[in-house]
Amino acid sequence: MGHKWFDLNGLLASTIDPINTYVDADNDESEFQCECTCGGGGGGGGKWRALELLVLRSVYHGKPSLFKEYRPHLVFPSEGLRIAVKNASTESLRVLKEVLDTACVNKPRPDVDTARMTQEEKRKYEEAKAMWCAGTYLRGVCLFHGIGTPEDRSGALLLDLECEPYGFGPSLFNIGWYYEEGKGGVERDFAKAFQYYLSAAEKGHTGSQVGLGLMYKEGRGVGKNLEEAVRLFQKNCEQESVYGYSTLALCFKFGKGVKKDEETATRLLKLAVEPVVTAKIGASAISDTLAQRELAKAFLTGQGTTSHLPNPTLAVKFCKLAADKGDRTAQERLGLMYFEGAGEEVPEQHHLAVKYFRQAANAGSLMAQNNLALCYNRGYGVPVDLREAFRLYTLSATSGDRTAQFNVALCYVMKEGAGTTRDVREALRWFRLAADQNQTTSVTVMKRVRTGTDLLTALRIHSST
């Protein structure tokens with residue numbers, strides 16, 4: 001039987017009970033649903049996973065090929081919806097809203113005494129809870145990411161808090177994240193974050209094992225315990241989780257809670273990005289890019305790999321995977337690889353360096369802002385534009401980058417100025433700021449200035465040595 005794409009009218013007219021009729025019983029998606037029922041918390045896991053399928057199908061309404069392409073992300077609905085919305089039409093977003101609104105129509109009471117219920121009544125009650133919680137949780141995901149609605153993280157938190165009395169694992173995990181990060185209008189509170197992660201883990205939410213492990217690893221909200229952190233990461237790995245593979249790999253890479261073993265670290269990182277694994281269980285934006293980024297670093301140096309030899313081609317491949325998903329650190333590194341080249345396998349390609357420096361710079365990377373400025377200053381991959389170079393140098397320098405502070409000083413001290421007018425006094429101020437952060441040339445120049453040498457003479461002496 002082919003895929004049965006959901007019927008909106010049928011869904012809106014249906015009660016909670018028949019919702020499974022919209023998930024084929026004899027295709028690979030029903031197998032996916034069975035695999036993923038654990039981790040939801042609150043019972044009725046299959047039902048809320050069915051709703052996830054319906055939600056993403058609503059966004060891909062009329063685009064089944066796109067839905068199949070991004071199906072691996074379904075275990076992480078926030079990631080799936082983020083990707084989906086890039087392809088969504090206004091009509092699709094309207095359908096999405098109707099699907100979620102329908103799922104949230106009937107709110108069951110959280111304090112019902114199920115002891116007196118028959119098995120059938122209990123089953124329907126648990127399914128109703130799971131469906132309402134899933135719909136409310138996914139509405140929060142839309143608010144969090146601004147999908148079909150203005151972004152509102154405080155509103156998203158309120159929806160997760162509505163699910164708290166039901167013990168819904170994904171929402172408990174989210175609340176823990178808000179407290180850990182101090183987002184959504186709440187003060188940062190590691191102790192509360194730890195308790196919410198613990199509650200979510202007890203409800204079967206597997207991602208919370210990593211959240212707890214990281215708290216133990218850093219000693220946030222609980223006493224530092226590297227061995228317990230490793231145990232939780234290993235437990236998560238048993239479920240073939242990219243979260244677990246990535247975090248455990250870093251423990252082996254740096255010898256945290258386990259004996260340092262870079263080969264094991266690289267092996268785990270490969271598992272975290274292995275297509276078979278990610279196709280089976282999905283991949284979150286954070287842990288997936290972390291694994292790709294660290295694996296790229298391993299291949300660039302050869303440390304921890306089987307051959308112990310650098311492999312620039314693979315380094316670029318994995319770094320690009322992370323960079324193209326928006327990972328700022330990967331964008332910085334990939335820009336540098338293209339700027340400097342990495343042997344014959346990866347020649348200098350300044351136009352690509354500019355592309356990734358720009359992406360990282362727009363995401364707030366001070367290093368990338370300085371590097372992009374250098375490209376405009378020297379004409380690497382772009383036409384020379386001294387004003388744009390000076391703007392970017394200043395942007396990075398104002399935020400504290402010492403190399404950019406040195407470069408701004410040079411712009412001011414040039415005879416004709418570089419993107420600005422010559423101003424020796426302003427140049428001296430920026431050299432002083434860079435020297436205070438131990439920028440090598442600035443330190444040397446300022447030592448001579450403090451002994452009575454004027455700035456221009458100090459620079460000439462330095463350039464001649």
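This is a predicted model: local features need pLDDT of at least 70, side-chain atom pairs count only at pLDDT 80 or more; totals for chains, interfaces and linings use all residues.
1. One of the pairs joins W132 and Y166. Their ring centres lie 5.2 Å apart and their planes meet at 45 degrees, so the pair is classed as tilted. W132 belongs to helix α7 (residues 119-145), whereas Y166 lies in the loop between α8 (153-163) and α9; the pair therefore ties together parts of the chain that are 34 residues apart in sequence. Both W132 and Y166 are buried.

2. A tilted pair is also formed by F173 and Y197, with 5.3 Å from centre to centre and 40 degrees between the planes. This pair links distant parts of the chain, since F173 is in helix α9 and Y197 is in helix α10 (residues 190-202), 24 residues apart. F173 has a relative accessibility of 18% and therefore counts as buried, the cut-off being under 20%. Y197 counts as buried because its relative accessibility is 2%.

3. Aromatic residues also gather in a group: F144, W177 and Y178 form one aromatic cluster.

4. Helix α9 deserves a separate point. It comprises 13 residues (169-181), and at 1.5 Å a residue it should span 18 Å; the C-alpha atoms at its ends are 18 Å apart, which agrees with that expectation. The helix is mostly covered, with 11 of its 13 residues buried. Among the buried residues are G169, P170, L172, F173, I175, Y178 and E180. Just after α9, G182 adopts a positive phi of about 70 degrees.

5. Two lysines are placed over aromatic rings. K253 lies over the face of F254, at 5.8 Å from the ring centre. The charged end of K317 sits over the ring of F318, 5.5 Å from the centre of that ring.

6. Which secondary-structure elements make up the protein? The protein has 25 helices and zero strands. Of its 465 residues, 50% count as buried. Considering contacts between residues at least 6 apart in sequence, 53% join residues at least 24 apart.

Key
Residues are numbered from 1 along each chain as its sequence is written. Side-chain values use heavy atoms; hydrogens and water are left out. Helices (H or I, at least four residues) and strands (E, at least two) are DSSP runs, numbered from the N terminus. The expected span of a helix is 1.5 Å times one less than its number of residues. Buried means under 20% relative accessible area, exposed over 50%, partly exposed in between (1.4 Å probe, protein chains only). Contact means heavy atoms within 4.5 Å. Rings of Phe, Tyr and Trp (its six-membered ring) pair if their centres lie within 6.5 Å; planes under 30 degrees apart count as stacked, over 60 as edge-to-face and the rest as tilted. A charge sits over a ring if NZ of Lys or CZ of Arg is within 6 Å of the ring centre and within 35 degrees of the ring normal.
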